[in-house]
Amino acid sequence: MKRFLFYLLVLTPLCVYADLPPTGYYRIQNAKTDSYLLIVDTKSATNAQDIASGNADLEAIYMIDDFEANVAYNPATICYIEAFGGGQYNISGQGLNLYNIASRLFNIDEVNAPIYQIYAEVSNGLVKVKRNLTHPTDRYGKSLYPGIDGSNKNWRILSVDQSSSQYFGVEPDVTAGEYHWATMYAGFPFKASSSDTKIFVVDKIDNDYGCAVIKEVTNVPAQTPVLFRCASASPSDNKLTLLAPDTESSTGTNYLIGNYYCNDVDDAGALYPHRNVTPFNANNMRMLGVDANGNPAFVKGSADNLVVSVVDGKWYLPANKCYLPVGNNAPDVLKILTWEEYVTGIEEVTTSTSESKKVIYDLQGRRVQTPAKGLYIVNGKKVVIK
C-alpha cells in the first residue's frame, strides 16, 4: 500500500465551482494509478500552517489496489462527502475528518465527471497557495513531498451502490457447515441487501453452557459491532445497503466490541507517529472461529483470526473486526447459538429430569408465565398457542 500526499501549486485564479454528485457515500480512486483511498487511523499533527508550508501529515491515509480482492468489502475505503456550498466539502470516514486535520473545508472541482481535483487553499503570508490531494509517483520514507507530476492529482469520486463495479459487501472470515460467518465494525450504518445475509448481535453469554446467544437485527447503526451469517463466500453476493449517517435503530444488548484500526507500522522516531494497534488478550477475548465439530464459535485467538505484527511479532486485533469480551473463568470455546437453539438445548436438559414441569419461553428467550396467542418454546419444542 502506498501513502498519498499534498502536492504544492501556486494558486491560479479561482475556478468556477461545479456541482459534485450529492452528499453521500463514495470511494475515491486515483485516476492515474487506479488505487483507492484507504483510512488506517485517526492520528494527525496537521494544521493550516502545516499545509501552507507543504508539510501536511496525511499518513493516516493509504492507497490500496484491486477492487475485488481488497476494496469491495473494506469499510476503510468508504468515505462520506458532505457539501457545504461554494465548492467546499468535508470528507470523512473511519472516524477521520479532513476538516479536523486541516482546520478547513476542502474544495472539489470537476475535471470531467466522475474525475475531480481535491485541494485546500491556504494563505501563506501575502500569497494564497493551493495544496492538491495527490497519489505520489514515488515514496521517500516518511517524506510528505511527492515527485513533480501533476497528473496524479486527478481522482474518480465513485458512488457506492449495489452495482457490480461499486458495491460494498461482506467478506466471510470462517466457513461452518452450509454458512459463512464474519464480524464487522464500521463507521457507517447499513442493512443487508438480501435476506440471504443475516446480521446478529450477541445478546447473552452463558459460561456454564459454553455458548454465545445471538439475536438478529435489521438496521445497524454506525459503530455497532455485528456478526454476519452469509449464504455465499463471495462479497458480491453478500451486499450491504449503506444508510444515512444519522440512522438510529435499537439493537438491544450487544456484548460484541469492535476494533477500528490495525496500522502496524514501525514509526519509532517518526515526526508524526501513526502506529495504531490493539493487543489481543487470551484471558478475556474470544475471536470468531469454529469449534472442534466445525460449528461457528467464539474461540481463543490464533494466527488464523489475528494479525501477527511485522514490527514486534505480537498478536493484534484485525482492523474493522469484533471480539467477544469474557471473564477469566470463561471456557476457551463459546458455541454460537440462536435463542431458539439455546432455549431448546437448555430445555432438553431440564425436561430429562422434570418431564412434568412446563417451562415456556418466547422466541427472544424470555421466560413467559401467562402466554398470549403466538409461537412459543414449551419444554424445548415449538408450540403455537391460539
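This is a predicted model: local features need pLDDT of at least 70, side-chain atom pairs count only at pLDDT 80 or more; totals for chains, interfaces and linings use all residues.
Reader: Got it. What volume does that pocket have?

Author: About 900 Å³, taken as the space filled by probe spheres set on grid points joined across faces, edges and corners. A pocket here is an open set of points on a 1 Å grid over the protein atoms alone, where a 1.4 Å probe fits, with protein on both sides within 12 Å along at least five of seven lines; lining residues have an atom within 4 Å of a point.

Reader: And which residues lie nearest its centre?

Author: Of the 40 lining residues, those are Val307, Pro318, Ala319, Asn320 and Lys321. Several strands (DSSP E runs of at least two residues; helices are H or I runs of at least four) each supply at least two lining residues: S4 (36-39), S5 (61-64), S14 (179-184), S21 (285-290) and S25 (321-325).

Reader: Nice. What about Asn320: where is it found, and is it buried or exposed?

Author: Asn320 is in the loop between S24 (315-316) and S25. It counts as buried because its relative accessible area is 5%; buried means under 20%, exposed over 50% and partly exposed in between, with a 1.4 Å probe and protein chains only. Asn320 also has a positive phi, near 65°.

Reader: Which other residue has a positive phi although it is not a glycine?

Author: Asp66, at about 75°, in the loop between S5 and helix H2 (67-71). Asp66 is partly exposed, because its relative accessibility is 44%.

Reader: Switching topic: which peptide bond is cis?

Author: The one from Ala113 to Pro114, with omega near 10°. Pro114 lies in the loop between S9 (106-112) and S10 (115-124). In general, most peptide bonds are trans.

Reader: Last one: how does Ala292 sit, buried or exposed?

Author: Ala292 is exposed, because its relative accessibility is 87%. Its loop runs between S21 and S22 (296-299). Ala292 and Val333 are 41 residues apart in sequence, and 9.2 Å apart C-alpha to C-alpha.

Methods: Residues are numbered from 1 along each chain as its sequence is written. Side-chain values use heavy atoms; hydrogens and water are left out.
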